[in-house]
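Subject: Structure handover

Hello,

Here is the structure, as promised. My notes on what was found in it follow below.

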2 protein chains.
Amino acid sequence: MVLEYKNIDKAPSFRKLQALNRRPDLHSVLSETRIRSLSLPAGGGLFYNYSAKLVDEEILVLLEKLGEEQQAVEKYRALIDGEVMNTGEKRMVLHHRTRGQLGNSVLRDGRDIGKFYDEQKERFFAFAEKVHTGTLTGSTGKKFDSAVQVGIGGSDLGPRALYLALAGYAAQAGKHRMQARFISNVDPDDAGQVLADINFETTLFILVSKSGTTQETLTNMEFVIQLMKQSGIAGLDPKEHMIAVTSETSPLASSPDYLDSFYIDDFIGGRYSSTSAVGGVVLSLAFGPELFQQLLNGAHEADKLALEKRPGKNAALADALIGVYERNILGCPLTAVLPYSQALHRFPAHLQQLDMESNGKQVNRFGEPVSYGTGPAVFGEPGTNGQHSFYQLLHQGTDIIPLQFVGFTESQAGFDLSIDGSTSQKKLNANLAAQVAAFALGKKDNNPNKNFQGNRPSSLLHGEKLTPRSLGALLAHFENKVMFQGLLWNINSFDQEGVQLGKVLTKQILGGGDTDPILTAYMDLLS
Amino acid sequence: MVLEYKNIDKAPSFRKLQALNRRPDLHSVLSETRIRSLSLPAGGGLFYNYSAKLVDEEILVLLEKLGEEQQAVEKYRALIDGEVMNTGEKRMVLHHRTRGQLGNSVLRDGRDIGKFYDEQKERFFAFAEKVHTGTLTGSTGKKFDSAVQVGIGGSDLGPRALYLALAGYAAQAGKHRMQARFISNVDPDDAGQVLADINFETTLFILVSKSGTTQETLTNMEFVIQLMKQSGIAGLDPKEHMIAVTSETSPLASSPDYLDSFYIDDFIGGRYSSTSAVGGVVLSLAFGPELFQQLLNGAHEADKLALEKRPGKNAALADALIGVYERNILGCPLTAVLPYSQALHRFPAHLQQLDMESNGKQVNRFGEPVSYGTGPAVFGEPGTNGQHSFYQLLHQGTDIIPLQFVGFTESQAGFDLSIDGSTSQKKLNANLAAQVAAFALGKKDNNPNKNFQGNRPSSLLHGEKLTPRSLGALLAHFENKVMFQGLLWNINSFDQEGVQLGKVLTKQILGGGDTDPILTAYMDLLS
């Protein structure tokens with residue numbers, strides 16, 4: 001099939017959707033049957049339920065056509081097979097390969113890239129085993145009991161969110177092998193606070209920077225090294241406490257300053273790197289290779305589902321299409337992600353990067369300005385906490401904000417108590433079910449201050465339990481949703497030119513030469 | 001002066017602003033002089049700099065008139081003096097009194113309310129002293145070394161954000177007396193994870209619920225009690241490890257199940273309660289009464305500044321007016337708060353509640369629907385982390401999102417290293433200055449993908465250092481900004497009817513009687 005890349009407003013179905021100019025009323029369409037039927041498997045035991053979205057049969061048919069006209073699934077297949085999808089940087093996009101074989105082999109300099117990722121995985125699995133068995137110890141002979149990841153952005157948010165999401169599960173399963181901490185911000189108080197609690201002798205530091213040139217990360221690693229040297233611990237050698245995750249061509253690769261290095265390459269973008277060595281090293285150290293492999297398996301399931309041609313079988317595509325409908329037809333510039341699971345408390349921060357950095361673009365893949373809204377802003381906090389915070393605006397504010405709920409039948413640790421006739425987990429889920437219904441149907445009241453209009457759309461991703469497998473599927477579902485939206489909008493979801501200018505100006509200031517007077521004036525305010 | 005409450009679109013200046021229909025171009029107006037002159041003291045040593053906002057002399061004059069026409073400062077004065085500003089619930093709004101005497105005495109049943117708050121403060125200060133000196137110990141005779149706050153929403157987000165903001169400062173000053181932890185979510189994994197690390201014998205639990213009926217909080221407290229009972233520690237008596245912060249009329253007041261109770265009342269809304277006993281008890285236990293008093297002093301300074309009639313001397317009012325301009329004239333439904341201080345990493349979550357729960361309203365103070373946008377959605381993460389995450393969309397997305405930066409000359413802990421010619425703190429601030437300039441001025445590039453249009457507005461709240469005093473001022477600045485915006489929009493910023501429906505439906509589900517089939521169907525998905 002010949003792929004044709006065109007802006008979404010050139011697609012006939014998009015124009016039909018614009019012309020349609022009406023919304024279904026959830027008060028009249030929402031029913032038990034609809035709730036049971038508008039549900040799709042999303043991999044890893046998860047289901048995507050979109051019964052409370054503002055769609056009906058006619059809209060769904062047009063959205064399916066829109067996906068076909070924009071060749072969303074065909075382009076995903078091309079991406080997997082090594083088409084240069086990161087057009088700006090002229091790179092392939094191969095993060096799906098980190099979790100399993102999908103599509104044809106893709107070669108670089110005669111080397112199968114999927115195999116390369118697998119080799120790296122086997123290497124860090126073996127490394128984790130050596131650490132866990134005590135074959136490899138710190139420089140003073142003590143067993144490593146904690147890991148500190150030093151990285152920022154994609155080298156921080158995803159791995160951190162996944163670590164926090166699985167810590168309780170692993171503890172319950174007796175598989176929490178090492179504590180993990182994270183240093184990201186160049187603010188010295190970040191490194192200072194993490195290192196105040198650290199025993200250097202039993203800690204392994206993981207420097208994560210694909211380019212090997214990230215200012216914050218190199219600064220923080222030097223910070224760690226200097227503090228280790230100042231610690232006065234006899235025999236402590238920083239080199240024996242440090243490993244790197246980087247690309248083979250970076251200045252850090254095979255550096256004698258590191259115990260070992262694990263590699264990624266340019267075909268894995270930072271925000272898509274959680275399932276590569278970027279997330280894999282720290283998660284394998286923390287929870288063991290087995291749990292990390294389960295996470296990969298869950299992600300791979302979701303990746304395979306995303307190849308289904310019809311949105312009626314492809315949850316990530318359906319989610320993407322409905323999101324585009326909300327963004328461009330309903331005109332909503334914002335989305336909230338609301339996990340009813342405390343373990344996912346930093347997952348929205350990861351999705352914020354994933355979505356906003358991928359699709360916060362004003363040009364199409366050819367570099368031409370687009371005339372429609374692209375990626376929405378994303379925020380979120382766990383329920384029930386959010387209910388006592390910003391839900392007031394979600395229910396009764398003057399703008400409609402589409403919602404993505406996430407929930408699980410069982411709690412993670414499994415420990416619970418029945419109080420006032422119900423467990424905490426049941427209370428949690430009763431709150432979640434109540435919110436979905438409240439946003440959809442609202443409640444009439446003669447007092448306008450107590451009136452809830454309803455018709456505020458939400459979806460629900462749900463499963464039995466937050467396990468490594470379901471978490472992997474959840475992660476990949478969102479990655480694939482964001483990818484599909486980028487393909488629908490005809491933008492490049494894999495570069496980030498918008499972060500460059502700040503870096504350049506920062507260097508100007510720190511370079512200390514003749515600086516722009518505006519920069520100097522702002523710097524003066526902070527001096 | 002007679003106060004007249006009218007919708008903002010009835011104000012002549014608002015219509016003039018709408019008619020103006022042009023934006024200043026920061027490329028032509030931004031100068032060193034503008035940067036130095038568009039700056040206002042905000043209390044506690046802070047300054048509010050709005051040089052990079054899309055305003056000019058003509059707009060600022062109209063905004064000042066708008067503030068006068070809406071009688072913003074006069075209404076603030078009336079609020080302080082006890083006018084019933086929470087019209088829906090028919091309550092006064094008196095949180096300013098928790099940090100100092102302001103305006104006339106306000107009586108309830110012949111009792112001076114300011115004095116009542118002061119008495120409570122003296123009581124919890126004395127209680128903290130008894131704990132710190134070891135006069136009061138746990139039931140097995142051990143000194144308390146940690147506190148766990150059990151609360152949700154306003155009883156959690158503000159106190160937690162302030163605790164995290166001051167932990168490093170207090171440690172550095174040798175005044176970190178007790179660790180504090182927080183349990184909020186009804187998810188059993190939240191309480192489970194916090195309690196897994198707790199030594200019951202040395203822990204004091206603080207139950208915080210104004211009404212004494214909050215489902216999550218009562219459930220979690222019962223969770224704690226049952227776990228204490230199951231711990232098998234000889235002599236451990238839950239009653240001697242629990243205090244309450246509640247209202248005098250709540251079922252918890254003077255309960256024999258608690259060691260002591262500290263009181264607030266209906267005139268302090270949850271999201272405005274951080275400076276009352278709700279935040280005061282845990283912060284005084286953690287850092288001592290002296291540091292908490294400094295925080296109150298900083299907030300009081302900001303409260304006094306907010307009484308200045310002209311926005312040219314009143315930072316909170318200026319911030320509020322510019323925000324209204326961005327919301328209603330520029331049409332921006334979203335704001336990001338970006339603190340360049342890792343210690344403030346949960347401060348945006350508090351502001352999210354403060355702003356979105358206060359002003360996410362669709363009716364005016366009389367209960368009539370409004371025809372203009374009210375409170376924006378708020379999100380944020382610390383810089384420089386956010387730069388490697390969602391800043392792509394802020395710089396190059398298709399929508400403009402106004403920004404509020406926060407920064408400090410010095411780091412909090414004071415420990416820093418010079419690496420590559422600059423300290424981490426200098427790098428942090430160089431990044432901040434670079435971002436303000438980059439958003440304002442952008443950078444032309446012939447490649448549209450590398451082009452930055454600029455004219456993306458931001459403000460900068462800055463000070464010497466994040467101390468208890470400057471933190472108190474920062475907190476009060478935002479509280480007062482949100483209050484002024486509510487007064488300008490003619491809405492009631494102090495109720496939250498939008499959270500009620502979810503509570504009612506949750507009770508229906510948990511009640512187990514005949515439930516709505518829609519609720520049952522969603523509950524089935526999660527069962």
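**Backbone details**

H10(B) is followed by B:Gly288, which has a positive phi, near 90°. Helices here are DSSP runs of H or I with at least four residues, strands are runs of E with at least two, and both are numbered from the N terminus. Helix H10 of chain B covers residues 277-287 and is mostly covered, with 11 of its 11 residues buried. A residue is called buried if 20 or more other C-beta atoms lie within 10 Å of its own, exposed if 12 or fewer do, and partly exposed in between, with C-beta atoms placed from the backbone. Among the buried residues of H10(B) are B:Ala277, B:Ser284 and B:Phe287.

Before the rest, two remarks on the source. This is a predicted model, in which local features need pLDDT of at least 70 and side-chain atom pairs count only at pLDDT 80 or more, while totals for chains, interfaces and linings use all residues. Residues are numbered from 1 along each chain as its sequence is written, and chains are lettered from A and ligands numbered from 1 in the order in which they are written.

Most residues other than glycine have a negative phi, and most peptide bonds are trans. The following places depart from that.

- The peptide bond from A:Gly383 to A:Thr384 is cis, with omega near 5°. A:Thr384 sits in the loop between strand E11 (377-379) and helix H14 (391-396) of chain A.
- In chain B, the bond from B:Gly383 to B:Thr384 is cis with omega near 10°, and B:Thr384 lies in the loop between strand E11 (377-379) and helix H14 (391-396) of that chain.
- A:Lys90, a residue other than glycine, has a positive phi near 55°. A:Lys90 is in the loop between helix H5 (72-80) and strand E3 (107-108) of chain A, and counts as exposed because 9 other C-beta atoms lie within 10 Å.
- A:Asn490, also not a glycine, has a positive phi near 65°. A:Asn490 is in the loop between helix H16 (468-489) and helix H17 (500-511) of chain A, and is buried, with 24 other C-beta atoms within 10 Å.

**Chain A as a whole**

Chain A has 18 helices and 15 strands. Its C-alpha atoms fill a box of roughly 75 × 60 × 55 Å along the principal axes. A compact globule of 527 residues would have a radius of gyration near 24 Å, and chain A agrees, at 24 Å. That radius is taken over C-alpha atoms, and the globule rule is 2.2 Å times the number of residues to the power 0.38. Of the 527 residues in chain A, 60% are buried.

Two residues are in contact if their C-beta atoms, placed from the backbone, lie within 7 Å. Among contacts in chain A between residues at least 6 apart in sequence, 76% join residues at least 24 apart.

Chain A is divided into domain 1 (8-79 + 306-465), domain 2 (105-294) and domain 3 (498-527), with bounds from an automatic or database domain assignment. The centres of domain 1 and domain 2 of chain A, taken over C-alpha atoms, are 34 Å apart. Their contact takes 14 residues from domain 1 of chain A and 12 residues from domain 2 of chain A.

**How the chains meet**

The contact between the chains takes 116 residues from chain A and 116 residues from chain B. On the chain A side, helix H15 (residues 424-441) gives the most, with 15 residues. Chain A can be laid on chain B with an RMSD of 0.0 Å by a turn of 180° and a shift of 0.0 Å along the axis. The two copies are therefore related as by a two-fold rotation axis. The superposition is by least squares on the C-alpha atoms of residues with pLDDT of at least 70 in both copies. In chain A, A:Phe379 comes closest to the rotation axis, at 3.2 Å (C-alpha). The copies meet through the same surface, because 100% of the interface residues of chain A are also interface residues in chain B.

The largest nonpolar core has 327 residues, and those with the most contacts inside it include A:Ala437 and B:Ala437. Such a core is a set of buried Ala, Val, Leu, Ile, Met, Phe, Trp, Tyr and Cys residues joined through C-beta atoms within 7 Å. Leaving aside its neighbours within four places in sequence, A:Ala437 is in contact with B:Leu505, B:Ile518, B:Leu519 and B:Tyr522.

Regards
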